[in-house]
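Subject: Structure for your review

Dear colleague,

Please read the notes alongside the coordinates.

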Amino acid sequence: MVDAKLIVVCTLTDDPLLPAGRGGQGGSHPVMLNICRHLIRIGYRLVVLTRRQSLEDEEFIQLGTKCELYRLKIGPIAKIPYQTVSHYTDEAFQNINAILSRYKNLPMTFLSYNWFSGELTRRSRVKYKGRHIHIVLALGVERLKEKEGKNKVSDDWLVFELNTFSDADTVFCGSRYERDLIIKNYKELDSQKIVVLNFGIDVEIFSKRPKSSQDYIRRQAQEFQEGSSEFIASDSGSS
């Protein structure tokens with residue numbers, strides 16, 4: 001995958017050690033956790049850069065011998081909406097630069113997740129050379145077309161998105177449909193570097209959408225009979 005044995009994982013909006021749902025996020029946290037686990041498992045050393053969102057979150061965590069996680073002070077120690085996170089770009093860059101200076105003698109590869117992290121990685125590569133691999137979380141140019149898009153997608157998002165796609169050596173997206181959207185909206189990009197990376201599914205947790213309402217009722221009834229933890233939790237919380 002990469003030449004350098006040190007991978008700098010820039011995931012400022014999605015802390016891989018936080019549980020899914022924390023900070024208003026869905027499945028982004030475990031996605032990054034699983035990616036980091038895999039990279040460590042196949043022999044890479046990681047420096048994970050994320051953002052401190054709570055006073056309860058430790059600023060630095062040493063995870064074994066191959067992973068250091070830094071939670072950077074970027075803006076207030078609280079959840080920051082996507083619309084305003086770019087207001088802290090300069091502060092984030094200064095903090096990232098301070099961390100990377102500790103590893104300046106090591107060859108690096110950068111892995112970024114989300115447009116904000118992608119832009120910070122682009123700026124960091126001016127000083128710290130290395131390949132840039134980007135994973136798309138959400139496509140701002142398409143989100144803008146949705147009804148609530150103008151309230152969620154900032155001008156910076158769109159600028160940083162194009163900057164990231166242009167800078168990255170490889171752009172991973174979750175489906176062929178998303179790849180087609182990127183190529184359609186950003187015709188100036190080299191389509192060869194946009195690669196589909198389907199996210200794995202744990203079939204013990206997720207199942208296909210029911211084909212009919214009857215099938216949905218059947219599955220739910222079966223889970224209830226088997227003592228589904230979901231049913232037990234909802235029942236115990238009732239008054």
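In this model, which is a predicted one, helix 3 (residues 89–100) packs against helix 4 (residues 115–124) at an angle of about 55°, and their axes lie 10 Å apart. On the side of helix 3 the contact is formed by Thr89, Asp90, Ala92, Phe93, Ile96 and Leu100, while helix 4 contributes Phe116, Leu120, Arg123 and Ser124. Sorted by class, the contact of helix 3 with helix 4 comprises 6 nonpolar, 2 polar and 2 charged residues.

Helix 4 also meets helix 7: the axes of helix 4 and helix 7 come within 8 Å and cross at roughly 55°, which makes helix 4 oblique to helix 7. Here the crossing of helix 4 with helix 7 is left-handed. The residues that meet are Trp115, Phe116, Gly118, Glu119, Arg122 and Arg123 in helix 4, and Asp156, Trp157, Phe160, Glu161, Asn163, Thr164 and Asp167 in helix 7. By class, the contact of helix 4 with helix 7 divides into 4 nonpolar, 3 polar and 6 charged residues.

Turning to the cavities, a search of the whole structure finds 3 of them with a volume of 30 Å³ or more, and I describe one here. The second largest cavity has a volume of about 50 Å³, and the residues lining it are Asn114, Trp115, His134, Val136, Leu137, Ala138, Glu161, Thr164 and Phe165. Helix 7 (residues 155–167) gives the most to this lining, with 3 residues. By class, the lining of the second largest cavity holds 5 nonpolar, 3 polar and 1 charged residues. Trp115, Glu161 and Thr164, which belong to this lining, also take part in the contact between helix 4 and helix 7.

With best regards

Note on methods: Residues are numbered from 1 along each chain as its sequence is written. This is a predicted model: local features need pLDDT of at least 70, side-chain atom pairs count only at pLDDT 80 or more; totals for chains, interfaces and linings use all residues. Side-chain values use heavy atoms; hydrogens and water are left out. On a 1 Å grid over the protein atoms alone, a cavity is a set of points where a 1.4 Å probe fits but cannot get out, and a pocket is an open set with protein on both sides within 12 Å along at least five of seven lines; lining residues have an atom within 4 Å of a point. Grid points are joined across faces, edges and corners, and a volume is the space filled by probe spheres set on the points. Helices (H or I, at least four residues) and strands (E, at least two) are DSSP runs, numbered from the N terminus. Ala, Val, Leu, Ile, Met, Phe, Trp, Tyr, Cys and Pro count as nonpolar, Asp, Glu, Lys and Arg as charged, and the others, Gly among them, as polar. Axes are lines fitted to C-alpha atoms, for helices over the stretch in contact, and angles run from 0 to 180 degrees between N-to-C directions. Contact means heavy atoms within 4.5 Å. Angles under 35 degrees count as roughly parallel, over 145 as roughly antiparallel, 65 to 115 as roughly perpendicular and the rest as oblique. A crossing is left-handed if the near helix is turned anticlockwise from the far one by less than a right angle, and right-handed if clockwise.
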